[in-house]
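Hi,

Here is the structure I promised to pass on. Have a look at it first, and then read on for what I found.

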Amino acid sequence: MTKHLIAPGVMALVLTSTAVTAQQTSYPLTIANCGHTLTFEGPPENTVALGQSTTELLYLLGLGDTVSGTAVWFNPVLPQFEELNDGIERLADNDPSFESVVNKKPDLVTVMYEWHVGPEGIVGTREMFHDVGVPTYVMPTECEKKDNLVGLDGTRSELFSTDQLYKSIAQLSEIYDVQDRGAALIEDLKASESKAIEKASGLSLPDGTSGLFWFSSAEIDTNPFVAGQKGVPAYMMDKLGVENVVTSDEEWPSVGWETLAKADPTFIVIAEMDRRRFPADDIEKKREFLMNDPVAREMAAVKKGRIITIDAHAMSPTVRAIYALDQVADALAGYDLK
Amino acid sequence: MTVIDRQVSRSVSGRAWHWAVIAPPVLLIALMAGTALGETPIPWDVVAQVLANKMFGADYPVDRIDEGIVWNYRFARAVVAACCGAGLALSGVVLQALLRNALADPYLLGISAGASSGAVAVTVMGIGAGAVSLSVGAFAGAIFAFGFVAMLAHAAGGGAGLRAAGVIVLAGIAGSQLFSALTAFMIAKSASAEQARGIMFWLMGNLSGVRWSDTISVIPATLIGLFACLANVRALDAFTFGADSAASLGIAVRRVQVGLIGVAALVTAVMVSVTGSIGFVGLVIPHAMRRIVGTRHSALIPASALAGAVFLIAADVISRMIIPGQVLPIGVVTALVGAPVFALILIGRRTV
Amino acid sequence: MSLSCNALGWSVKEKTIVSDATLKVRTGEMLGLVGPNGSGKSSLLRMLAGIQKPSSGRVCLGETPMSNMRQRDIARKLALVEQHANTEDRITVREAVELGRTPFLTALRTWRSEDDAIVASALAAVDLKGFEDRLWHTLSGGERQRVQIARALAQAPDILLLDEPTNHLDIGHQLAILHLVRGLPVTSVIALHDLNQALLCDRICVMEAGRIVALGAPSEILTEARLRDTFGVCGHFMTDPFDGTAIIRFHSARTG
């Protein structure tokens with residue numbers, strides 16, 4: 001499934017956007033970021049990017065040459081960056097160690113998840129990095145209106161908004177002094193988003209249409225990890241005018257199939273990923289379960305074949321979420337829901 | 001009591017009859033309750049109709065999702081919970097009797113720690129390349145760890161008697177520590193925090209993924225455990241004053257110890273592989289039942305099996321209902337109930 | 001039913017506990033087993049009882065080597081009263097004594113009224129009538145020892161082995177137990193520390209450093225030389241002016 005690529009025009013636009021009036025960043029630059037204040041004397045030249053989304057964001061801003069190491073990957077890199085990405089060291093697929101990050105002598109570490117770098121970060125706390133003179137930038141999508149110490153994967157206090165994503169892009173482009181590229185990227189993403197929202201609202205789905213986003217399960221038969229009321233999938237369902245059958249506010253609560261089946265969603269979105277930690281990480285295993293489980297196979301969405309596959313990474317606060325919204329809207333348009 | 005009363009109450013057939021009368025209705029009621037109560041409300045009459053359809057070939061029209069939930073999720077789950085509770089409680093009775101140690105429980109023998117290592121090896125390290133399920137990994141780990149503990153105990157030499165019991169307890173502690181460390185090592189080496197949390201959830205015991213297919217291993221394991229115990233009721237009694245005393249009463253001590261501890265290990269390994277390690281059942285139920293029915297195993301064995309079964313069904317129901325829309329690990333419930341009960345028993349022991 | 005052992009030895013790793021013990025217990029006699037601490041009395045008793053496998057030699061019950069017998073068949077003929085039997089179980093006196101019937105019960109041969117009768121007479125023999133429903137942990141040391149003897153008697157044994165049954169008891173209970181055993185219609189082997197008590201036995205077997213060094217009638221065996229050589233005490237025999245029996249008067253330890 002690689003249909004939902006970033007719009008082909010974006011890169012061309014970003015790299016040839018000299019026509020857009022370039023606003024220069026004036027250093028020293030001070031930025032408030034997730035409870036910390038960062039000061040930059042000049043654009044960072046050596047970045048370690050912890051998390052696929054933050055890495056790809058840097059690529060999209062044309063900053064790939066400043067990235068010296070990455071970690072925490074879920075899906076293949078966006079195809080246009082394959083060559084670039086191959087040349088950059090992968091410190092770990094999952095969690096790198098503190099020292100492996102610091103040894104790169106980065107002048108900035110960008111962070112996707114606070115459970116890697118944050119108050120209880122397993123790579124380290126932000127203070128640990130700052131003590132050795134390495135600044136850290138945590139994506140606002142991760143810390144704003146989200147408490148990562150509540151629930152397994154954190155809990156948001158408000159519904160996810162793409163504004164947080166745009167803020168990340170704007171801040172990063174300011175830090176690296178590439179504000180013209182940032183502005184162009186945001187403009188393009190916003191255009192895609194409004195197009196997708198337009199498509200979604202144009203569906204005029206019947207009342208009571210409901211959805212379920214299934215990320216994975218610890219064991220194939222056990223309670224699955226599904227999207228809660230406030231995360232990225234909830235944002236999609238909100239834009240689509242669809243009700244989420246999961247009532248928890250946690251990011252990825254584990255809810256019993258009994259509850260899910262009784263709620264009987266109109267459609268189910270399942271996550272595709274490279275990770276193979278749990279059997280249910282495999283998209284085929286997910287489909288197999290839905291078809292064969294004596295309860296799940298009786299759900300309307302399964303019986304009518306309304307199962308949509310998207311990238312796992314699109315269920316996280318990333319640029320891919322915007323393209324996945326479009327993809328889900330397309331899929332729903334193809335169903336007879338009247 | 002008259003002499004005749006005593007004779008009747010003491011004869012083996014008399015006792016078996018006694019429990020054969022009490023156990024089935026109690027177990028049936030518990031199974032029904034476990035099936036009727038769950039995450040979502042399903043009316044009693046629908047539950048009854050589904051069970052009638054499935055068991056007696058009735059033909060009530062019921063919603064197919066309700067039918068699946070009642071029969072495939074809840075009833076299977078209640079049956080597995082009952083077996084698991086009975087099996088763990090029996091293992092606890094056997095180990096406490098044979099090792100003459102009030103703190104002996106099925107996880108003493110390194111079984112729980114070994115199962116964790118096995119599960120982590122499969123899910124985190126990717127051993128078995130996806131062909132081996134978590135359950136198989138956990139079972140293999142449990143048996144491997146028990147084998148290790150048994151060998152260690154054997155090498156440390158114990159002979160018969162109290163010394164042997166002491167040695168196996170020490171070997172169990174050493175084995176548990178070793179395998180816990182191994183688990184921690186594997187998680188540290190290759191797992192993310194997210195994975196570690198998933199494993200922790202599993203380690204606390206979890207019945208949410210249980211289906212009918214799991215009964216294939218769990219029911220036979222429970223029956224083997226029950227029959228092995230019932231066949232050795234007098235031998236277990238004879239250990240009251242220790243292994244030497246049992247030997248002087250004509251018990252083949254080594255054979256009984258090896259056989260019954262082996263069965264207890266096997267039963268526990270099967271249970272752990274299906275449900276994760278559910279603590280406190282094997283420790284608390286036997287002690288609680290001793291308070292109620294006494295120390296004679298002809299009463300203690302059936303009472304513990306029944307109480308274990310009912311307790312775990314109840315704990316499972318609570319774990320499903322206590323947080324609406326979400327399921328708590330059942331091990332949390334058994335520990336929350338079991339720890340205070342155990343404390344009360346300990347305090348009670350002193351004052352009597 | 002006689003009990004005998006031939007060239008019996010037991011060693012743990014390099015350490016020899018018992019060696020070359022040859023002994024024939026006569027039917028109906030009360031044989032006293034004496035010797036200093038660590039001389040191997042308990043180990044010899046455990047081997048005679050069939051709970052400790054000897055490293056060498058063999059024990060015979062009647063004509064049959066014990067190694068060829070099932071544990072259950074041994075227990076039907078021979079009972080052992082251990083020195084430190086204890087339990088944390090909440091068990092009643094009756095339940096403890098009923099354990100003695102274990103070797104006779106099978107799936108087919110279940111508990112009968114005659115078992116009740118045997119248990120009742122065992123309790124009566126040790127003067128524990130009325131104690132049936134008392135819990136083990138409420139009993140005194142002497143009462144516990146009597147329960148253990150009653151449990152052994154419930155096995156209806158031909159041979160009774162007792163490991164220092166008078167240990168830790170007050171003098172009244174010591175004498176009560178000795179006279180109880182003395183009066184039982186069984187062959188008995190009894191390990192004792194008090195040499196004056198050993199004088200009550202038909203024969204005495206003296207152990208020293210794992211070996212049997214003397215066996216015979218008390219008056220022949222317990223000589224002043226033996227007391228000095230084996231026990232390291234100076235003592236001499238005198239006659240009790242009360243009943244005319246022999247008693248030993250000890251003077252001091254380790255003379256000369």
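Before anything else, one term: pLDDT is the predictor's confidence in each residue, on a scale from 0 to 100. You'll need it here, since this is a predicted model.

Let's start with where to be careful. In chain A, pLDDT stays under 50 over residues 1-20. The model still has 36 contacts beyond four places in sequence for that stretch. Helix 1 (residues 9-15) of chain A has the lowest confidence in its chain, with a mean of 46. At the other end of the scale, strand 13 (residues 267-272) of chain A is highest, at 95. Taken as a whole, chain A averages a pLDDT of 86, and 92% of the residues score at least 70.

Chain B has a mean pLDDT of 83, with 84% of its residues at 70 or more. Its lowest confidence is in helix 1 (residues 3-10) of chain B, at a mean of 41, while helix 10 (residues 233-238) of chain B is highest, at 94. Residues 1-14 of chain B have a pLDDT below 50, and that stretch has 13 contacts in the model beyond near neighbours in sequence.

Now for the part of chain A I'd look at: an open sheet of five strands, in the order 5-4-3-6-7, with parallel pairing. Strand 5 (89-92) and strand 7 (136-138) of chain A are the edge strands, each pairing on one side only. On average, neighbouring strands of this sheet are turned by 20° against each other, direction ignored.

Within that sheet, strand 3 (residues 47-50) of chain A runs parallel to strand 4 (residues 67-71) of chain A, and four bridges join them. If you want to trace the pairing, A:A49 stands opposite A:T70, and A:L50 stands opposite A:A71. Are the faces of strand 3 of chain A covered or open? Both are covered: A:T47 and A:A49 on one side are buried, and so are A:V48 and A:L50 on the other. Helix 2 (residues 52-60) of chain A lies across strand 3, strand 4 and strand 6 (108-111) of chain A, at about 135° to strand 3 of chain A.

Over in chain B, take a look at helix 13 (residues 281-293). Its 13 residues should span 18 Å at 1.5 Å a residue, and the end C-alpha atoms are 17 Å apart, which agrees. Ten of the 13 residues of helix 13 of chain B are buried, so the helix is largely enclosed by the rest of the structure. Among the buried ones are B:V281, B:P286, B:H287 and B:R290. After helix 13 of chain B comes B:G294, whose phi is positive, near 95°.

Finally, how do the chains meet? There are two pairs of chains in contact, and chains A and B share the most contacts. Chain A and chain C do not touch, and their nearest C-alpha atoms are 42 Å apart. The contact between chains B and C takes 25 residues from chain B and 26 residues from chain C. On the side of chain C that touches chain B, helix 2 (71-75), strand 6 (78-81) and helix 4 (113-125) of chain C each give two or more residues. Helix 2 of chain C provides the largest share, four residues. By type, that side of chain C divides into twelve nonpolar, eight charged and six polar residues.

Cheers

Conventions: Residues numbered from 1 in each chain as written. Chains lettered and ligands numbered in written order. Predicted model: local features only at pLDDT ≥ 70, side-chain atom pairs only at ≥ 80, totals over all residues. Contact = placed C-beta atoms within 7 Å. Nonpolar A, V, L, I, M, F, W, Y, C, P; charged D, E, K, R; others polar. Expected span 1.5 Å × (residues − 1). Buried ≥ 20, exposed ≤ 12 C-beta atoms within 10 Å, placed from the backbone. Pairing = 2+ DSSP bridges. Axes fitted to C-alpha atoms, helices over the stretch in contact; angles between N-to-C directions.
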